Amino acid sequence: MAVSWTGAKMGDRVLDVCCGSGDLSFLLSDQVGSHGKVIGLDFSKDQLLFASSRQESLSKNCFTNIEWVEGDALDLPFSDGWFDAITMGYGLRNVVDKQKAMQEIFRVLKTGSTVSILDFNKSNELLTSAFTEWMIDNIVVPVATGYGLSEEYRYLKSSIREFLTGKELEKLALEVGFSAARHYEIGGGLMGCLVAKR
């Protein structure tokens with residue numbers, strides 16, 4: 001959904017901010033085809049190396065259109081109005097300056113184009129919030145522990161509590177200049193996706 005909501009089409013130049021291991025980048029690659037271009041940007045060299053190794057092992061023709069770039073979401077190394085679409089998956093919650101990150105996304109996105117930002121949802125519903133915390137404690141962290149990653153995932157509950165609600169994300173997008181912004185709750189309210197048009 002996050003990729004389709006960008007409106008990216010064959011031949012487009014697209015950016016995946018905070019790309020991590022490349023999941024959204026690979027989906028974007030399918031969306032824009034071999035004549036399109038995908039830039040996966042992350043500040044973690046290790047994540048980019050992992051994404052690159054996945055790219056080689058998956059070996060789909062269109063995946064050759066992906067370039068991995070080490071960079072900062074608060075200072076994107078691209079020209080103004082460079083991209084036809086942008087995604088960000090599970091990244092906005094973790095940047096130190098959410099407004100600056102949104103300003104940078106706005107700056108490098110072409111007029112009339114769309115960004116889709118997928119993340120955990122900070123729900124106002126007590127039951128949904130309680131269920132999210134239960135899942136993190138009883139499923140996510142134990143599974144991560146099995147892979148030796150317990151510390152990397154233990155912060156999730158506090159980062160979600162401190163994150164913006166859907167309405168606050170919409171307001172932030174409009175404040176930095178987007179012409180329209182809508183937050184969709186997905187996965188029973190556990191996840192959310194902000195879709196904003198420049």
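User: What makes the lining of the largest pocket nonpolar, polar or charged by class?

Analyst: The lining of the largest pocket has 21 nonpolar, nine polar and six charged residues. Ala, Val, Leu, Ile, Met, Phe, Trp, Tyr, Cys and Pro count as nonpolar, Asp, Glu, Lys and Arg as charged, and the others, Gly among them, as polar. This is a predicted model, in which local features need pLDDT of at least 70 and side-chain atom pairs count only at pLDDT 80 or more, while totals for chains, interfaces and linings use all residues. Residues are numbered from 1 along each chain as its sequence is written, and side-chain values use heavy atoms, with hydrogens and water left out.

User: How much space lies in the largest pocket, and which residues are closest to its centre?

Analyst: The largest pocket holds about 1,200 Å³ of space. Of its 36 lining residues, the closest to the centre are Gly-20, Gln-47, Tyr-90, Tyr-153 and Tyr-155. On a 1 Å grid over the protein atoms alone, a pocket is an open set of points where a 1.4 Å probe fits, with protein on both sides within 12 Å along at least five of seven lines, and lining residues have an atom within 4 Å of a point. Points are joined across faces, edges and corners, and the volume is the space filled by probe spheres set on them.

User: Why is the largest pocket said to lie between domain 1 and domain 2?

Analyst: Domain 1 (1-121 + 164-197) and domain 2 (123-162) both give residues to the lining, so the pocket lies between them. The domain bounds come from an automatic or database domain assignment. The centres of the two domains, taken over C-alpha atoms, are 23 Å apart. Nine residues from domain 1 and eleven residues from domain 2 take part in the contact, where contact means heavy atoms within 4.5 Å.

User: What lies 2.7 Å from a polar atom of the side chain of Asp-42?

Analyst: The backbone nitrogen of Gly-20 does. A polar contact is a pair of N or O atoms within 3.5 Å; within protein, one must be able to donate a hydrogen and the other to accept it, and residues adjacent in sequence count only if both atoms are side-chain atoms.

User: How do you know whether Asn-121 is buried or exposed, and which side chain does Asn-121 join in a polar contact?

Analyst: At 3% relative accessibility, Asn-121 counts as buried. The side chains of Asn-121 and Glu-185 make a polar contact of 3.1 Å. Asn-121 sits in the loop between strand 5 and helix 4.

User: What makes Asn-65 count as buried or exposed?

Analyst: The relative accessibility of Asn-65 is 4%, so Asn-65 counts as buried. A polar atom of the Asn-65 side chain lies 2.6 Å from the backbone oxygen of Gly-33.

Conventions. Helices (H or I, at least four residues) and strands (E, at least two) are DSSP runs, numbered from the N terminus. Buried means under 20% relative accessible area, exposed over 50%, partly exposed in between (1.4 Å probe, protein chains only).
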